[in-house]
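Hi,

Here is the structure I promised to send over. Have a look, and my notes follow below.

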Amino acid sequence: MASVVLERRAYKHALRLQMRKDYSATIIGAGKSYYKRIDRSGPISPHNIFHKLKSKLSTIGELYTRHNGNFVGCCAEVNAANQILNKLPHLKLNQINFSNAIGPRTMQKIPTCQNCKLTFN
Amino acid sequence: MAYSLIEQLSRDLDIFFLDNNKIIHLASGCGILPEGLLETDIYNDSVLSTIFQNNLNLEVDINPNLTDILNLDNQGLNNYLVSFMDIAKRGFYTYDKTRLGNNEDFDFHLVAKPKSPLRRGDIFETYKIKQELITSKHTIPDDFTIFNLREFI
């Protein structure tokens, strides 16, 4: 469950992107206790991805291949969670909290995809 | 080059094209694009940067059905409209993907349009857009209802 602080940070970040007319990617906040990060959708670098996350994603399919309608390793959730894991490597994937995903163009909430449900729930 | 499937599904792209009587902007909403729009990657970014260099400020008609279509409250509607108003006031008919999160859904709706549309030639002249924009053979609906984009491209 996301904290109010995490939701607010993600919302503010999305608003800043909207003001800059940078609409192209979905953003999300991830965090655990005091450590919080915002990141965006797009293919994660295969060299920087945390082992635990890569292993879990590989149970769905290879990185950058399409499963359940979306590409594995390209969601904002994956990018944001990877930043958290690099700082807090002992965290389990289902212990990472997420804000709502937001599209900066319209500030609408974006539903969580099936791959992210399988990875982080 | 054409947009890759990864680009289509991980980015809310700005797509520009023409039909027989208007110049159209479409927000892809991280959905799959109809095949006929994949090659717009050649010019979309340059059109987008060109139009924001111009301060045209036309009066705009906003889709009166948006709160029903998108289930938004007043604040949500204001936030939603910011980017589309920015485009429509510069002379473009601007459309959005209706259902986010379902990337194989091709339903779109008109968000806003200029009250008195510019002639196509005037837009080309104003924005120095070359006439090589992809053109749909069909007229894209402008009646503020939801339509399946794939049937018109």
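Let's start at a turn: Ser33(A) has a positive phi near 50 degrees, and sits in the hairpin of S1(A) and S2(A), which has two residues between the strands. Strands here are DSSP runs of E, at least two residues long, numbered from the N terminus. This is a predicted model, so to speak of local features I need pLDDT of at least 70, and side-chain atom pairs count only at pLDDT 80 or more, while totals for chains, interfaces and linings use all residues. Residues are numbered from 1 along each chain as its sequence is written, and chains are lettered from A and ligands numbered from 1 in the order in which they are written.

S1(A) (residues 27–32) and S2(A) (residues 35–40) pair antiparallel over six bridges, pairing being at least two DSSP bridges between two strands. Across that pair, Gly29(A) stands opposite Ile38(A). S1(A) also pairs antiparallel with S5(A) (residues 97–98), over two bridges, where Gly31(A) faces Asn97(A). Five of the six residues of S1(A) are buried, so the strand is largely enclosed by the rest of the structure. (Buried means 20 or more other C-beta atoms within 10 Å of a residue's own, with C-beta atoms placed from the backbone.)

Over in chain B, Leu149(B) comes in the segment after strand S6 (147–148) and counts as buried because it has 24 C-beta neighbours inside 10 Å. Beyond its neighbours within four places in sequence, Leu149(B) is in contact with Pro34(B), Phe106(B) and Phe108(B); contact means C-beta atoms, placed from the backbone, within 7 Å.

As for the two chains, 22 residues of chain A are in contact with 18 of chain B.

Cheers

Key:
Helices (H or I, at least four residues) and strands (E, at least two) are DSSP runs, numbered from the N terminus. A residue is buried if 20 or more other C-beta atoms lie within 10 Å of its own, exposed if 12 or fewer, and partly exposed in between; C-beta atoms are placed from the backbone.
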